[in-house]
Amino acid sequence: MKIFTTQSTKLLDRLTIEYEPVSSIDLMERAAEALTSEICNTISPSQRIYIFAGPGNNGGDALATARLLIDRGYKPVVYLFNTMPNHRLSADCEQNRERLRRTGHNDFFEITNQFTPPVVNSGDCVIDGLFGAGLKEPLTGGFASLVRYINESGAFVISIDIPSGLFGEWNPEASEDRIVKARLTLSFQMPKLAFFFAENAKFTGETKILDIRLHPRAIAETETCYYLTTAENIARNIRHSRPKFSNKRDYGHLLLAAGQYAMMGAAVLSAKAALHSGVGLVSVHSPRCANLILQTTVPEAIFSPDKGENHIEEIPVHPRYSAIAIGPGMGCNETSVSALMHLVKEIRQPLVLDADALNCIAREQSLLRYLPSHTILTPHIHELERMFGPMTDDASRLKCITHVATKYDIIVVLKGANTAIALPDGTIHFNSTGNPGMATAGSGDVLTGIIGSLLAQGYPPEDAAIIGVYLHGVAGDIAARESGEEYITASDIINHLGLAFKQIKSYQV
């Protein structure tokens, strides 16, 4: 699914109006019908509802929704703020004002000067239709005061399209007292980029995307750098069957360099995840102290002993390996950094780096220059900041991984809610699976094994990263459904990979 910027969304509306064709007021009515349906599923007619509408098309959506709610037996108190100096209402907002007036609804007030706020209580509902994603400046004056009043009321707040005061993309100077804090945000057709940043969750609350049937040709023709991975995307790209007369070597040989004394759990989890993701062979290169642990916990894996007793001192480069994964539990002492530097200068196979391999890069930044094209890095936010310096928010981190991916011709998988995958072509792919229960020790090691397995099986690095992250999330979601988020461990994610594959393959494209 494409994710569009604010400017692109305006273009989509115009193209839908042209291609369908449909008038802009009728497209607004379509949006209002979707809003009304969702609001009726959320709010009882007996609940007191206050609707605050601004002078633009977001306000027009709110006024049209108010009229449709009245038709369904609701009794909202509606305020239209027509107070902007030297600005008139948008044409569609003005038309919906007249439609609402013609209903004879008594609790409709157009504010052109002074505003005395109603008494809004914690049991009430506020529908925020003041300003949409097209807002260009932070709210000031009376609108900022109204936002503070809404936020302090304790009411259940529903924002139309986006909380008023929040920009659709970047919010570098976001001020909590100038942005509506919604409990529910009802957005149109596809999520806003701002919805993927943790710092904005306190404003958006739960988000739901309403289909208003923007024209498919308009969506196809409008370019974007941002995508949300869906089941349909993955089902199209995952391999659905295996030839009858195949053998283990047809499915690749992964070399996993992982583990050190007292940190072998990471290597075990990563190896198990790789084996449960379809790779034919896994060799685990670990220090000699790992022999008994690996032979007993992962008997399907081949143990490749390092010359070091307690930590990795060298990583073998051999053409028999289809792909290489490095990092889980490895440590980042000087010999490990040296071993990684030697490998990246010699390697020709697809490569995924995680955990301590990334910490080695943080210690020796010149490693980045030697990474093979389309190497996959899988940092969490702290590993990212160790490599590239402190960042204050998710928006800054997204810009960072985009820059790094394009500069070094690599793939960066920034792990977290809606894991963001930055590709060398400048595109970002957000993941749509997973849950907070997966924020648990070893979850990242499992992801490394999955991605390494897919690389070894011959998936292109872009597909291996995107499919691997999605598959990891599906397995976690199945585990959460069965046992609850609090129960999940990394091993539970591994144990549900088979069902995750089956679920994806059963999706009808």
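Of its 30 lining residues, K415, G416, A417, T419 and M438 are the closest to the centre. Here a pocket is an open set of points, on a 1 Å grid over the protein atoms alone, where a 1.4 Å probe fits and which has protein on both sides within 12 Å along at least five of seven lines; lining residues have an atom within 4 Å of a point. Grid points are joined across faces, edges and corners, and the volume is the space filled by probe spheres set on them.

The model is predicted: local features need pLDDT of at least 70, side-chain atom pairs count only at pLDDT 80 or more, and totals for chains, interfaces and linings use all residues. Residues are numbered from 1 along each chain as its sequence is written, and side-chain values use heavy atoms, with hydrogens and water left out.

At least two lining residues of the second largest pocket come from each of α12 (356–363), α14 (381–388), α16 (443–456) and α17 (461–483); α16 gives the most, four residues. Helices are DSSP runs (H or I, at least four residues) numbered from the N terminus. This lining comprises eight nonpolar, 16 polar and six charged residues, where Ala, Val, Leu, Ile, Met, Phe, Trp, Tyr, Cys and Pro count as nonpolar, Asp, Glu, Lys and Arg as charged, and the others, Gly among them, as polar.

The largest pocket has a volume of about 1,100 Å³. Among the 40 residues lining the largest pocket, those closest to its centre are K10, G56, N57, N58 and G134. Helices α1 (6–19), α2 (24–42) and α3 (57–71) each contribute at least two residues to this lining, and the largest share, six residues, belongs to α1. By class, the lining of the largest pocket holds 18 nonpolar, 13 polar and nine charged residues.
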